[in-house]
Amino acid sequence: MGEAMISIRHLYKVFGENPKEAMALVHQGMGKEELHAENGHVLGLCDINVDMREGEITVIMGLSGSGKSTLIRHVNRLIDPTEGEVLVQGENVLDYDEERLREMRRRQMSMVFQHFALLPHRTVLQNTATAPIVRGEPFSSYDKNARNWLERVGLGGYEESYPHHLSGGMKQRVGIARALTSDAPTMLMDEAFSALDPLIRTDMQNLLLELQVELNKTIVFISHDLDEALKLADHLVILKDGVVVQQGEPQNILLNPEDDYIVDFISDINRARVLRVRSIMQPFNSDVTVVGAIDREATLEQVIAQTGGESRGVYSVMHEGETVGQLDMRDLLRALVPEKRSSV
Amino acid sequence: MASYDFLFDSTGLRDWCDQAGQAKTTSMADLLAQTKGEEVTVSAWDFPFPSLDALNESCGQVPETRDLTRGLENGFLAIKDTLRFVLDPITEPLSWLLDGALFIAESTPWWIIIPLLLALTYWVARSWGLVAAVAASICGLAFIDHYEYAIQTLSIIFVCAAICVALGVPIGIAMSRSDRLQRISLPVLDMLQTLPTFVYLIPLIFLFSVTESKLYGIAIIMYAIVPVIRLTDLGIRLVDKDVLEAAQAFGMTPRQKLLKVQIPLALPNIMAGVNQTIMMSLAMVVIASLVSAPGLGVLVLRGIRSLELGVGLVAGLGIVILAVILDRVTKSALARVNAAQTR
């Protein structure tokens, strides 16, 4: 696990005529609804504290209106906070002047947008090379790099097409290639796959995970889709009405929901596909007779397939050739059912 | 007795009124009454609206309406010299441009001008069909000896439209960036567009000599610059917010954003504005022949002045032909830009 690349500290965002004045009320303990009713200001984000670690995918998940898109825009300061700090590699972004801020956006961060936001009058290649072009690099220095990334996202041969020739999924591939061509260590993805068809979305998720294995970028990913969030996240942040309800390792959130909201939220997902053996295994006890070996990183679905539906017995859990724990199939079955439900 | 005497008598202003000392103007009705030897009586039915003239009849201190128009005229004449001192040098290049363009257009032989125009058409529209249509139109006009007039009209339009674009696009950009500037400019643009075209000419005739070409140049530009300003402003305001945000996120400077994103994306609207501007210049160039603008308008004017029906109609038809080819050529350029960025 890497160092915190981006740290958000006590971040508040109030929308309205006079945010500073409204902030004083928030500090006196006024809630979102009350503030809106009395003062006409909207509390967009309230006391957000999140660490986004280097080389990890941090997924910020919430329903529409939860403030997730507002939050990601604070990272590269497309939106300025009312109060709080945004630290990128230890430096407070809010202290940056225009020049330094542009420099950060040019070299340290790239962004992928929900509605692609490609330049319609530029070719796919020129769009892909947006970052180096903006930095003022000559054609010869970025041409090869841009072509290479287009090839990697599966768009080789489309260099001279225009965005309106491409389908939605292909446009977003250009969007990803554009972000990668920037060579920035951090990638912000704002609902990058939300506008795509489900099948294409799965493709793109796989593409992202595949690229991430070798690139190890710090990725901040916004999503309103829990399945997507659980699939991609190393660190999951759940936002509701501008407040972080729970954050942590996705497996952990799934097994130990701290809040009724989260319990409801996770009640509909396919736990077998998301939970992994490592999250529910027990320390190895040599007294027990094991009936087989399973991998630590396997999902429960894979285990069930491997055991052929056998629901009894204890399996030893292996990782890189060593035994690291054991799993009772009864625990596995129990993990498939949420422990508590707020309603029903 | 005038109708409003009672007003001044009852409020005790009579003395003040009579200080004017001058005999009040005698109206035709008064004269008639005098000859008949009877007092004019005004029935309730004919009781006049308390206008300046009606009040003046009762009280010499109240100004008449013609004093207002005269005052306006005197005021304008008073600042005329100063205004002229400032405006004359600024607008002088316009005269040079117009005279220069007319000189070049008239002194270059037709067998150079016509191919040049056709080449320009192809460069703008990239359509051989349109080039053929333009060739047929110009050769047709030349065949009935209207070539010189048509070329004069065209060169005036080219100069004026070019200046409209050169001034209008920056003004439009400035308007799109500042809501306050937009609020101030919109009423001015509305006024320029709705003011009857002849009204522009009146103060201009006072300011400059009728023989100067900038006189009609200014009139045409003031009238025709409006659409290019409006549509530039609109076009830039309509640029997709997502794309602008992306430009911001990749660290573009405001200048890069303007040149690489906003203007290219607003281009279809700007081109539509240029098309409108050219059409409006053409409309104005005919009226401007009243103040010595050369071209087909002169023939139309001759048709009206000396009732030469045929001359007027043929010249009018010539203007229609010019309008059609200018419109088609600019529209096809617009279509080309549109096709390149349809989303």
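In which sense, right-handed or left-handed, does helix 10 of chain B pass helix 11 of chain B? The crossing is right-handed, where right-handed means that the near helix is turned clockwise from the far one, and left-handed that it is turned anticlockwise, by less than a right angle. The structure is a predicted model, in which local features need pLDDT of at least 70, side-chain atom pairs count only at pLDDT 80 or more, and totals for chains, interfaces and linings use all residues. Residues are numbered from 1 along each chain as its sequence is written, while chains are lettered from A and ligands numbered from 1 in the order in which they are written.

Helices (H or I, at least four residues) and strands (E, at least two) are DSSP runs, numbered from the N terminus. Helix 10 (residues 197-207) and helix 11 (residues 213-237) of chain B pack at about 140°, with axes 10 Å apart; axes are lines fitted to C-alpha atoms, for helices over the stretch in contact, and angles run from 0 to 180 degrees between N-to-C directions. The two helices are therefore oblique to each other (under 35 degrees counts as roughly parallel, over 145 as roughly antiparallel, 65 to 115 as roughly perpendicular and the rest as oblique). Residues meeting here include B:Tyr200 and B:Leu204 of helix 10 and B:Ile218 and B:Met222 of helix 11, contact being defined as C-beta atoms, placed from the backbone, within 7 Å. By class, this contact has eight nonpolar, one polar and no charged residues; Ala, Val, Leu, Ile, Met, Phe, Trp, Tyr, Cys and Pro count as nonpolar, Asp, Glu, Lys and Arg as charged, and the others, Gly among them, as polar.

Helix 6 (residues 110-125) and helix 7 (residues 128-143) of chain B pack at about 150°, with axes 9 Å apart. That makes helix 6 roughly antiparallel to helix 7, and their crossing is right-handed. Among the residues in this contact are B:Trp110 and B:Leu117 of helix 6 and B:Val134 and B:Ile138 of helix 7. The contact is made up of twelve nonpolar, one polar and no charged residues.

Turning to chain A, its secondary structure comes to 16 helices and 13 strands. Strand 1 (residues 4-15) and strand 4 (residues 83-88) of chain A pair in the antiparallel sense over five bridges, a pair of strands needing at least two bridges found by DSSP. Within this pairing, A:Ile8 has A:Val86 as its bridge partner. Strand 4 also pairs with strand 5 (residues 91-92) of chain A, antiparallel, over two bridges, and A:Val88 stands opposite A:Glu91. These two strands form a hairpin with two residues between them, and A:Gln89 in the turn has a positive phi of about 50°.

Another part of chain A is an open sheet of three strands in the order 11-12-13, with mixed pairing. Strand 11 (290-295) and strand 13 (322-328) each have a single partner strand, so one side of each edge strand lacks a neighbour in the sheet. Six bridges join strand 12 (residues 314-319) of chain A to strand 13, and the two run antiparallel.

Finally, where the chains meet, 18 residues of chain B are in contact with 16 residues of chain A. Helix 12 (241-249) of chain B supplies the largest share of the chain B side, six residues.

Note on methods
Contact = placed C-beta atoms within 7 Å.
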